Amino acid sequence: MTLAVFFPFVMALVCAWAGQKLGRRTGYLAAAAFLPALALALPLAGMPGTAPVTETTRWVAELDLSLAFRGDGFSLLFAVLIGVIGLLASLYSVAYLSATEKFGRFFPYLLLFGGSMLGLVLSDNLIALFGFWEMTSVTSFLLIGLWHTRGAARDGAVKAFLVSALGGLALLTAVAMLVIAGGTASLSGLDLAAVRASPLFVPALLLTVLAAATKSAQLPFHLWLPTAMEAPTPVSAFLHSATMVKAGVLLVAKFGLIFGGAALWSGLLVPLGLTTLAWGSWLALRQTDLKALLAYSTVSQLGLLVSLYGLADAEGRFAATAHLLNHAAFKAALFFVVGIIDHETGTREIPFLERLRAKLPLTFVVALVATLSMAGLPPLGGFISKELFYEGMLHRGWPYLAVAVAGSVLTFAYCARLLGIFFARRTPLPEAAEDLRQHRVKDHIHEAGPGLLLPPALLAGAALLFGLWPGSAEWLTRTAQGALEFGEYGGHLSLWHGVTPALLATLLTWALGAAVVWQAPAFATLQGRLTPLWNANTVYYTLTQGLGRLASAVVRRTQGLGLPDQLRIMLLSAGIMGGYAVWRSPQVFQPIGRVPLELVPIGVLLVAGAVGVLLSRNRLTAVIVTGLTGFGSAAAFLALRAPDLALTQLLIEAVTVILFLLAFRYLPGVRDLPRTRGRLVLDAVLAGAAGLGTTLLVLSSLRFLAPPISPYYLVNSYSGGGGKNAVNVILVDFRGFDTMGEGLVVAMVALAISSLVTLGRVGKTRTAPDEAPDLRPVPSRHQSRRQK
């Protein structure tokens with residue numbers, strides 16, 4: 001399992017190196033990266049009869065942090081699913097992507113995402129699980145924004161990242177609560193009784209629901225998934241059929257074993273899932289772009305899965321796991337099919353596509369099988385799992401079944417709309433659809449090659465196999481029964497269970513769906529009239545734009561001040577802190593003891609440097625005199641037997657002088673900053689208050705209000721930190737995060753200096769206006785096609 005998780009990361013580096021040399025053939029290396037994940041089918045074959053496979057690598061024992069992977073039936077099933085879709089998406093990309101694509105970025109991003117998802121599904125350590133969860137957010141951001149020259153791609157990437165970041169913060173807090181309440185960071189080792197008795201139980205439950213809703217695109221967080229379709233089609237097939245969007249479903253399934261006993265868990269998730277099912281289907285039926293239609297259909301199908309796993313009973317988990325397999329098969333196949341249509345015709349817009357059955361016969365067969373499975377028609381796997389879905393909702397109550405049927409009716413209708421491009425003539429464009437008139441279909445359309453056809457054909461074949469041979473789907477589903485605790489459920493997958501309420505609900509779905517298809521123009525008019533003035537997207541843009549204006553206002557009020565005004569605020573703060581120190585430390589005026597004689601000339605040097613700055617008439621003199629204070633501080637450290645601090649101070653002083661000299665050319669002269677008499681008096685008062693306040697603050701620290709902590713460091717440096725040099729141990733171990741921050745500051749200063757130096761060079765060799773390079777982005781193949 002460890003190899004399955006980290007091999008894609010290693011191969012990502014290989015693909016980044018080889019992408020420029022091998023071009024599209026880099027996809028074969030990427031496909032090979034998923035072979036260890038496919039090898040997990042061997043332990044999966046022994047499930048549920050064998051014990052889960054565990055692999056643990058200790059990392060930070062004090063924090064109970066380890067790379068612990070647990071291969072139970074559900075985790076292994078999910079991992080193999082990721083491996084299959086990842087391998088097919090990589091091979092599909094070889095034939096799909098243009099030769100001008102940046103393969104040194106595309107395939108590494110794809111593999112980084114695949115490794116993150118594998119780590120997420122196999123992790124048994126809650127902290128590592130959260131880490132992989134965040135990695136999926138970052139890598140999906142990179143994949144969605146791959147064509148970053150397009151504004152829509154940038155918007156979709158940012159939107160997905162912001163929504164996922166919200167869920168990530170929720171999951172982080174929930175994980176922390178579970179670790180505290182359960183006594184361990186091991187997901188399988190949590191003390192469930194202690195968790196359920198803890199006051200943190202309900203907050204952790206609510207935060208987990210929030211995290212799952214953001215990742216699995218449940219209302220109202222569904223807005224990110226349709227805009228994420230700006231990613232290349234292989235990415236859409238990988239991320240939005242079997243992997244990223246199902247991370248939230250995975251969370252509901254696994255954490256349902258912790259929270260499932262609470263009525264609040266199913267009381268939130270089942271209505272949320274059903275509402276998402278119905279609303280996603282409603283929106284899918286309105287789309288004219290094939291990928292947008294599939295995006296909203298994914299939202300709908302994810303709602304179905306969340307509602308089933310949200311039932312938190314054996315029947316719901318069995319049905320959800322069966323449908324998870326079916327959905328991965330038919331939805332990935334359909335995304336690949338849409339990629340073929342886009343690749344061969346030059347557009348994805350439904351109004352411009354007609355009678356593709358004759359021109360793309362093999363693509364039509366694949367699309368027919370996958371679409372009918374999504375619609376829930378026999379003899380396909382989608383029909384079997386849809387009946388199980390109806391059974392689960394029926395046991396929940398008739399209102400739940402009614403919403404499920406309504407969502408499925410719309411699912412039937414948008415499936416018919418999708419298949420219509422293979423039969424119907426071109427749809428006349430409405431008057432308002434001027435933005436669609438730019439699309440044109442290629443004159444010569446021909447069937448795709450085997451590189452594009454084979455991946456969707458295999459997946460559609462799986463959807464057909466699950467229907468014709470339900471035992472295969474049930475065997476795979478039953479491998480997860482030990483992990484998800486539905487072993488006692490006695491139902492089976494079958495095409496015929498007799499005349500049951502679920503079958504009657506299915507027949508009603510088909511009848512109402514056919515009526516919606518028959519009255520499609522009237523239904524479209526109804527949808528147009530019921531379009532609300534606001535939606536999740538308008539709320540999102542209103543919030544982000546409002547936050548942007550608020551941030552700009554805050555920056556203008558605080559950071560937009562001139563340097564003198566900011567320095568005045570700093571001096572005032574120093575004076576206030578000194579006054580607070582005097583108020584809190586009455587012994588500040590007690591004798592401070594004898595001052596070493598060697599510090600007297602150093603103190604005179606420091607004062608002389610400060611006075612010299614005030615009397616200097618130009619900036620160069622001021623910088624040189626300021627150096628006296630810096631070098632005087634270094635001398636003081638040396639006199640107080642702190643040579644390391646003295647050396648650090650010398651280095652900082654040298655860097656500061658260089659920085660001043662580099663910045664001189666961009667600063668006005670001293671005489672160019674006149675100050676009124678009132679400003680001079682104010683500055684003098686502030687400077688005096690800051691100096692007095694700082695002095696009092698130092699004096700107050702000489703008399704401890706509590707026992708000093710310094711002996712602790714001396715006593716524990718060797719035993720706790722393993723070092724004889726107490727200063728080094730303090731910097732590296734006791735204050736490791738502070739030292740890391742200081743190193744970051746040094747790196748930022750170095751970057752600023754480098755920028756100043758580069759700026760000076762650019763200023764000397766600036767490009768003439770008539771020689772300015774063309775910085776317009778070169779459109780990708782898909783951009784060019786859409787602009788024609």
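Cys15 is buried, with a relative accessible area of 0%. Cys415 is buried too, at 2% relative accessibility. Buried means under 20% relative accessible area, with a 1.4 Å probe and protein chains only. The structure has zero disulfides; a disulfide is a pair of cysteine sulfur atoms within 2.5 Å.

This is a predicted model, where local features need pLDDT of at least 70, side-chain atom pairs count only at pLDDT 80 or more, and totals for chains, interfaces and linings use all residues. Residues are numbered from 1 along each chain as its sequence is written, and side-chain values use heavy atoms, leaving out hydrogens and water.

## The whole chain

The chain has 788 residues, and 48% of them are buried. Its secondary structure comes to 35 helices and two strands. These are DSSP runs numbered from the N terminus: helices are H or I with at least four residues, strands E with at least two.

Take the contacts between residues at least 6 apart in sequence: 78% join residues at least 24 apart. Contact means heavy atoms within 4.5 Å.

## Helix 15 against helix 19

Helix 15 covers residues 290-310, and helix 19 covers residues 381-396. They pack at an angle of about 50°, with axes 10 Å apart. Axes are lines fitted to C-alpha atoms, for helices over the stretch in contact, and angles run from 0 to 180 degrees between N-to-C directions.

Leu304, Ser307 and Leu308 in helix 15 meet Lys386, Phe389 and Met393 in helix 19.

Conventions
Buried < 20%, exposed > 50% of the residue type's maximum accessible area, 1.4 Å probe, protein only.
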